[in-house]
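Subject: Structure handover

Hello,

Here is the structure for you to look over. My notes on it follow below.

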Amino acid sequence: MRFLLSSRLLGKVAVITASTDGIGYGIAERLAKEGAKVVVSSRKQKNVDTAVEKLKAQGLNVVGTTCHVAKKEDRSKLFQLAESTFGGVDILVSNAATNPTMGGVLDCDESAWDKIFETNVKASYLLAKEVLPYLHKRKGGKIIFVSSIAGYNPMNLLGAYSVSKTALLGLTKAAAVQLAKDNINVNCLAPGIVQTKFAEALTSSEFARTEALSHIPLNRFGTPTDMGATVAFLASDDANYITGETIIVAGGMTSKL
Ligand code: NAP
């Protein structure tokens, strides 16, 4: 039996990258629970199969495919699957990111810099470009990028990654202005520290947890469910008059930076 939290996204089709675990999974689950048909994806078939099985077990309407966001043929496959299975695309959530190195921005070597910008920025840009024909067919839609609080205040040990996330704040604004005439809203989520594999270094040891939590007024880490709730709002008609904005979902962290 299908359990819907709301019917806000009924009739909509959402494509979400890096959605077999962590924040992307939380977004996929929430959008599906609000009635969307969802295409989940990530690089590994095994992860796709597990995520699809878990979501289907809740009665949610999902399909999955492998997609490494830096590969053109994989990105195309995502949208083609959405069209062949669900009849089109209304919502793109570009969530994948990588961080192959730790250190100050000027300590990042060229190959790591290229990898970070290829996955975090260029792939987001290309996904937004490649989804346009599908959104135009629907006469509108929503594009949502996933940045980070580090995009506003670069973190010392995540130098290049932080700068890549700053680029997404600019991409959101520039694309929003260009696509407004096409009835396409472009917005962005900037998570704080969310308890996922990606943030393990900040959340696993007692010392790191205490230090990280001291910067978070709400005194807890974010969850993929918190992130899904905000993205569901941005993907819905409730956000029709919002474009070019980034919502920080970080437990009040910006007040203490
Ligand atoms: P995560 O838990 O490490 O999620 C990893 C997911 O991404 C898995 O489904 C993984 O599956 C997939 N993935 C990894 N590389 C991929 C690629 N190149 N192409 C497609 N899928 C890929 O990460 P997360 O914490 O959920 O982060 C999600 C987003 O939130 C990222 O943009 C990150 O920068 C942002 N963010 C996270 C935090 C945080 O505290 N967690 C804070 C701010 C911003 P496969 O291994 O099968 O590919």
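The protein has eight helices and seven strands. Its radius of gyration is 17 Å, close to the 18 Å that the globule rule gives for 257 residues, so the protein is as compact as a globular protein of that length. Please keep in mind that this is a predicted model.

Overall build

The C-alpha atoms fill a box of roughly 45 × 40 × 35 Å along the principal axes. Of the 257 residues, 52% are buried. I also looked at contacts between residues at least 6 apart in sequence. Of these, 71% join residues at least 24 apart.

Surface and charge

The protein has 29 positive and 23 negative charges.

Helix H7

Which residues of helix H7 are buried? H7 covers residues 206-213, and its buried residues are Ala 208, Ala 212 and Leu 213. Seen down the helix axis, they fall within an arc of 120°, so they line one face of H7. What do these buried residues pack against? Their partner is helix H6, residues 200-203. The face of H7 turned away from the buried side carries Glu 206 and Phe 207, both exposed. Have a look at that face in the viewer.

Two backbone angles

Most residues other than glycine have a negative phi. Two residues here are worth a look on that point.

Start with Lys 139. Its phi is near 65°, a positive value in a residue other than glycine. Where does Lys 139 sit? Its place is the loop between helix H4 (110-137) and strand S5 (141-146). Is Lys 139 buried or exposed? Lys 139 is exposed, at 66% relative accessible area; the cut-off for exposed is over 50%.

Then go to Asn 183. Phi of Asn 183 is also positive, near 65°, and this residue is not a glycine. Asn 183 lies in the loop between helix H5 (159-179) and strand S6 (184-191). Its relative accessibility is 48%, so Asn 183 counts as partly exposed.

To recap the local points: H7 has a buried face that packs against H6. Lys 139 has a positive phi and lies in a loop. Asn 183 has a positive phi and lies in a loop too.

Best wishes

Key: Residues numbered from 1 in each chain as written. Predicted model: local features only at pLDDT ≥ 70, side-chain atom pairs only at ≥ 80, totals over all residues. Heavy atoms only, no water. Helix = DSSP H or I, 4+ residues; strand = E, 2+ residues; numbered from the N terminus. Rg over C-alpha atoms; globule rule 2.2 N^0.38 Å. Buried < 20%, exposed > 50% of the residue type's maximum accessible area, 1.4 Å probe, protein only. Contact = heavy atoms within 4.5 Å. Lys, Arg positive; Asp, Glu negative; His and termini not counted. Charge placed at Lys NZ, Arg CZ, Asp CG, Glu CD. Arc of directions from axis to C-beta.
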